[in-house]
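Take a look at the model first.

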Amino acid sequence: HKRTLLNLSQLATSAEEAAALRYLSSKDGDAIYQTYIVDQRKTIVGLLQDFPSCQKMSLESLFALLPVLPPRYYSVASSPLHQSPSEQETDNTLTIAFSVVDYVTPSLMIAGKEEGKRRVHGVATKYLEAFCASHLAGAPAESFEMTASLPIFPKATADFRLPLDTSVPIILIGPGTGIAPFMGFLADRKGTAGSVDVYFGCRHEDHDWIYADEMKQYQQDGTISKLFTVFSRDNRSLDNKVKYVQDIMRHNEEASQRLRDILLNQKGMVYICGDGTHMGRDVQVAIAEVLGKDLGGAHEGMKAIVEMKASGRFLLDLWG
Ligand SMILES: Cc1cc2nc3c(=O)[nH]c(=O)nc-3n(C[C@H](O)[C@H](O)[C@H](O)COP(=O)(O)OP(=O)(O)OC[C@H]3O[C@@H](n4cnc5c(N)ncnc54)[C@H](O)[C@@H]3O)c2cc1C
């Protein structure tokens, strides 16, 4: 935050460093603030390395500078009503699915020298990964001993819930870890009448489709009426046009027909969950186009989505 930079400038013993920090925190310094602080995911530690004259601060000042670590939210992937088909799960298990944030910051030229390109991990997901290390290494669930505890708290969702009437058809769209809450939904809908269409996508069928067994079983026992999957990095599943879930809607005639029938004729519901930066918007555009085939154009399709949202039939749970 710019406020942190301003506070840090007051602690710098070098006039030059203090001036640079003040500039970074000012409106004039917006552009360099973006490339040097935001894009590089600069932390307090990084700033203290780059501005060493600030290192002489007291412990109290350091604590005052540290940002509050906000909680991270994870969708519960299990249902309190039914056990998942996975044998390892017991009634008192609460399950989440997460993907470890892991990326490299952009290259940055400073005084003719290339900097940046720093590997960054997500704070919570890297910690969770270490927490599950023995499990990930293949140790059986029974031997997964808790070596540390993790404080968690529940946060109820306002409206991202199944309809009380189990005969209402639903369409669940959850690529990547967006599938998490739907695993609980599927457990709840097991043995009920309404149809359930599921759209799922990930990079590789073999290692990213973590709920493959459960979903195939739900397909077999009829809980899932229709399962549409796509694996963006598997050449074998690629026909160039179909890479993401929204491409299935556009290019698979059965998917397109079911979407129109369930939403326009049967007054079913849509749930979209997952990465909100692109997927959420792209899926809505694709649905608008598909509905537009019956309604007289994508514009009318988008109007139908707006109406469904207003009446609680089109629900989003997006993050990122
Ligand atoms: C209601 C809700 C439900 C959620 N459910 C789930 C869930 O079920 N599963 C799940 O995995 N997550 C879920 N999330 C997201 C989750 O809460 C965390 O935000 C996520 O796990 C990252 O946390 P982190 O501490 O590991 O990463 P952080 O340390 O917080 O870093 C994440 C930040 O890094 C930046 N970043 C990430 N990737 C890149 C990149 N490639 N390039 C540049 N910058 C990047 C982004 O600014 C991002 O905000 C949910 C979020 C919400 C709000």
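Q: Which hand does the crossing of H13 and H14 have?
A: The crossing of H13 and H14 is right-handed. Note that the model is predicted.

Q: Why is H13 called roughly perpendicular to H14?
A: The axes of H13 (residues 279-295) and H14 (residues 298-310) cross at roughly 110°. Angles of 65 to 115 degrees count as roughly perpendicular, so H13 is roughly perpendicular to H14. The two axes come within 6 Å.

Q: What makes the contact of H13 with H14?
A: On H13, the residues include Val285, Ile287, Ala288 and Leu291. On H14, they include Met302, Ala304, Ile305 and Met308. The contact residues divide into 10 nonpolar, three polar and three charged.

Q: Why is H12 called roughly perpendicular to H13?
A: The axes of H12 (residues 253-265) and H13 cross at roughly 70°. The range for roughly perpendicular is 65 to 115 degrees, so H12 is roughly perpendicular to H13. These axes come within 9 Å.

Q: What makes the contact of H12 with H13?
A: Among the residues are Leu259, Arg260 and Leu263 of H12, and Ile287, Leu291 and Asp294 of H13. The contact residues divide into seven nonpolar, one polar and four charged.

Q: How do you know that domain 1 and domain 2 are in contact?
A: Contact means heavy atoms within 4.5 Å. Six residues of domain 1 are in contact with nine residues of domain 2. The two domains bury about 500 Å² between them, 54% of it on carbon and sulfur atoms. Their C-alpha centres lie 24 Å apart.

Notes: Residues numbered from 1 in each chain as written. Predicted model: local features only at pLDDT ≥ 70, side-chain atom pairs only at ≥ 80, totals over all residues. Heavy atoms only, no water. Axes fitted to C-alpha atoms, helices over the stretch in contact; angles between N-to-C directions. Helix = DSSP H or I, 4+ residues; strand = E, 2+ residues; numbered from the N terminus. Parallel < 35°, antiparallel > 145°, perpendicular 65-115°, else oblique. Left-handed = near helix turned anticlockwise from the far one by under 90°. Nonpolar A, V, L, I, M, F, W, Y, C, P; charged D, E, K, R; others polar. Domains from an automatic or database assignment. Buried area = accessible area lost by both parts, 1.4 Å probe.
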